[in-house]
Amino acid sequence: MYCTDAGYHITNSTAQYHIGTDWGGYDNHAAWEARTGGTILGVGGDGAVVAWEYPAHEGKGHVICIGSGCYDWFSYTYEAGYTEKFHKNIEIITSNAFNILTK
């Protein structure tokens, strides 16, 4: 699912898990899931885990985390010809997460 449009710039100041030995020891996605107990729901173009779910544990939890840079709602610049097409998908993702968590 696309979440940003051509010409929309983001600073990407969000929480993400970067994969690779220089990013906390998560050599690959399977290692991240094994170590955290989470389930990967979304991966960025560079392989970073940008959306994940932690299941309920001992009566607590069931957390969906969305750390995608797409949540930077402010674009510091819109290039000429910018047309909003995909950024609204972030609203859909967020709404779906709230619906899952409130069931």
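This is a predicted model: local features need pLDDT of at least 70, side-chain atom pairs count only at pLDDT 80 or more; totals for chains, interfaces and linings use all residues.
Visitor: Where does E58 lie, and what is its phi?
Guide: E58 lies in the loop between β2 and β3. Its phi is near 55 degrees, a positive value in a residue other than glycine.

Visitor: P55 has its place in that loop too. Why is P55 called partly exposed?
Guide: The relative accessible area of P55 is 46%. Buried means under 20% and exposed over 50%, with partly exposed in between, so P55 belongs in the middle class.

Visitor: Which residues is P55 in contact with, leaving aside its neighbours within four places in sequence?
Guide: Those are G37, K60 and H62; for each of them, contact means heavy atoms within 4.5 Å. As for T39, that residue is 16 residues from P55 in sequence and 8.2 Å from P55 in space, C-alpha to C-alpha.

Visitor: Now the strands. What makes β1 and β2 a pair?
Guide: Two strands pair if there are at least two bridges between them. β1 and β2 (residues 49-54) have 4 bridges, in the antiparallel sense, so they meet the criterion. Within this pairing, V43 stands opposite V49 in β2.

Visitor: What is the strand order of the sheet?
Guide: The order is β1-β2-β3, in an open sheet of 3 strands with antiparallel pairing.

Visitor: What makes β1 and β3 edge strands?
Guide: β1 (39-43) and β3 (63-66) each pair on one side only. Neighbouring strands of this sheet are turned by 15 degrees against each other on average, direction ignored.

Visitor: And what holds strands together in general?
Guide: Strands of a sheet pair through backbone hydrogen bonds, either parallel or antiparallel.

Visitor: Where does helix α1 lie?
Guide: Helix α1 (residues 29-36) lies across β1 and β2, running at about 140 degrees to β1.

Visitor: How do the elements run from the N terminus on?
Guide: They run α-β-β-β-α, and the chain has 2 helices and 3 strands.

Visitor: How many of the residues of the chain count as buried?
Guide: Of the 103 residues, 29% do. The chain exposes about 6700 Å², and carbon and sulfur atoms supply 55% of that area. Among contacts between residues at least 6 apart in sequence, 50% join residues at least 24 apart.

Notes. Residues are numbered from 1 along each chain as its sequence is written. Side-chain values use heavy atoms; hydrogens and water are left out. Axes are lines fitted to C-alpha atoms, for helices over the stretch in contact, and angles run from 0 to 180 degrees between N-to-C directions. Buried means under 20% relative accessible area, exposed over 50%, partly exposed in between (1.4 Å probe, protein chains only). Accessible areas come from the Shrake-Rupley method with a 1.4 Å probe; for residues, only the protein chains shown count as cover.
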